[in-house]
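Here are my notes on the structure you sent for comment. Please read each point with the model open beside it.

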Amino acid sequence: GAGGHRRVRLLQVVDTEYTADSVEWCPLEGRRHLLVCGTYQLRKPEDQPADPESKVRLGRLYLYRLNADSSACPLLEIQRRDTSAILDMKWCLVPVAGHALLGVADAGGSVELLRLVGSENAYTLQPFSSFALEKQCLALSLDWSTGKIGRASDQPLKVISSDSKGQLYLLEVNEEGPGLQEVAMWQAHHFEAWIAAFNYWQTEIVYSGGDDGLLKGWDTRTPGTSVFTSKRHSMGVCSIRSSPHRENILATGSYDEHILLWDTRNMKQPFADMSVGGGVWRLKWHPFHHHLLLAACMHGGFKIFNCQKAIEEKQEACTVSASHTLPNSLVYGADWSWLYVHNPLQTCRSCCSGSSPCSNSGAKAAHLSNLKAVHQSPAPSYDHLAENDEEGHTILQSGSKPRTSVQVLAEDMMKSDSQLHTAGTKVCDSDLYLEAANFDISFLTTCSFYDHILHLWKWENI
């Protein structure tokens, strides 16, 4: 790209056994080395049990811990929970009663809240509250009203969820008492309501996308009457994400293989339109870079867009900063890690010069971030192993056997242990060192259908 050489490096491949469709890194300080992966598996017809009540759609929730000390297997599974098939998951950005809360939308038609319990290496997710949507429906998505850091503490904590009958549910989380309670429910779409999301800057406003191809806006104070309806997408709308960094910026994605960027003050026409070569199942803004957008594009793999000029000037198209497809897989889940790399020496200098707190909290942060650097030779970067043709498909270089890219990458990694970060730097789990962070390095994960694999990537903007 024009902005310097960028590369995506595969660090690890994890077999999730069931097909994986949702991956989410914990955003809370001190717990950012944790991530969850949700799976969805249809029972084969010959495996159908005689009992008609038993589940046809199976799911499993995995909790992983990223160990920066281990270059060979940085992600370690620390818990698995068998559940109904999972269609969406999101962490709440603020602790609730001192705990991290994970919301899960499942094929049993429930929104379940799980509480992260424990410390250090002994974390588990335990049931906290559950809300059943209508009978005979699937919960398809959920979003928290706290998508932006800095929620006023007097605001109620809300969840919006959508179902396979086209309905939206506004739920409130009572932190002290019974947990999830219904505030409102209304019919939003004729077919599946694939996605529902808050405007993080004005949480009375929610958006929904349906299989009817419509993108709608709602004011939850008068539920049931849409504020706007857009037909700009030509197929089902399956992803919506309000920017946590910039007010009035909204990204939407569709089965029509386009991502649109909108100014929420003018929903008649988007200000940017990107063709991505695959249905856009999930969109994620980078936790620290306001202009970077990660997209899970089904058979189009995953893509990272630099939207800076489009957002600031409302006229120039976004540029693709990275793009990777893997054969025989549909990328449904993708998420940025909130961990970042920093140089402790620089941090120390800034502490000594008084520009950064160096108190007990600093010592605590140093302890949290004290994940030792590893000193193996780096894995060959993705672009040495496989090249993308003009349409973005991964093609193996001549002379290699026609194996899947995953195998090729995994074998190369075994030969030369990959590394999370270079010697002299640390992976940090605390906001204290953000000023000394090297944001040219990001970690992200993707997960895919059919090949039931979770990929851990390192992206370097160099």
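1. Strand 12 (residues 157-163) and strand 13 (residues 167-174) run antiparallel and are joined by six bridges. Keep in mind that the model is predicted.

2. These two strands belong to an open sheet of four strands, in the order 11-12-13-14, with antiparallel pairing. Which strands are at the edges? They are strand 11 and strand 14 (179-187), each of which pairs on one side only. From one strand to the next, the twist averages 25°. As background, the strands of a sheet pair through backbone hydrogen bonds, and they may be parallel or antiparallel.

3. Is His189 buried or exposed? His189 is buried, because its relative accessible area is 2%, and the cut-off for buried is under 20%. The His189 side chain makes a polar contact, at 3.1 Å, with the side chain of Asp212. Leaving aside neighbours within four places in sequence, the residues in contact with His189 include Lys165, Gly166, Ser208, Gly209, Gly210 and Leu214.

4. Tyr340 is part of strand 28 (residues 340-342). With a relative accessible area of 1%, Tyr340 is buried. Not counting residues up to four places away in sequence, Tyr340 touches several residues, among them Phe288, Lys426, Val427, Cys428, Tyr433, Leu434 and Phe439. Tyr340 and Ala436 are 96 residues apart in sequence, and their C-alpha atoms are 9.9 Å apart in space.

5. Cys428, one of the residues that Tyr340 touches, counts as buried at 0% relative accessibility. Cys26 is also buried, again with a relative accessible area of 0%. How many disulfides does the structure hold? The number is zero. For reference, a disulfide is a covalent bond between the sulfur atoms of two cysteines.

6. Two residues deserve a look for their backbone angles. Most residues other than glycine have a negative phi. Gln136 is not a glycine, yet its phi is positive, at about 55°. Gln136 sits in the loop between strand 10 (124-132) and strand 11 (139-144). Gln136 is exposed, because its relative accessible area is 74%, and the cut-off for exposed is over 50%.

7. Asn328 also has a positive phi, near 60°, and is a residue other than glycine. The loop that holds Asn328 runs between strand 26 (319-324) and strand 27 (330-336). Is Asn328 buried or exposed? Asn328 counts as exposed, at 63% relative accessibility.

8. Some totals for the chain follow. The chain contains five helices and 34 strands. It has 462 residues, and 58% of them count as buried. The accessible surface comes to about 18900 Å², and carbon and sulfur atoms account for 49% of it. Among contacts between residues at least 6 apart in sequence, 59% join residues at least 24 apart.

Note on methods:
Residues numbered from 1 in each chain as written. Predicted model: local features only at pLDDT ≥ 70, side-chain atom pairs only at ≥ 80, totals over all residues. Heavy atoms only, no water. Buried < 20%, exposed > 50% of the residue type's maximum accessible area, 1.4 Å probe, protein only. Pairing = 2+ DSSP bridges. Axes fitted to C-alpha atoms, helices over the stretch in contact; angles between N-to-C directions. Disulfide = S-S within 2.5 Å. Contact = heavy atoms within 4.5 Å. Areas by Shrake-Rupley, 256 points an atom, 1.4 Å probe, with all protein chains shown as cover. Polar contact = N/O pair within 3.5 Å; in protein donor to acceptor, adjacent residues only side chain to side chain.
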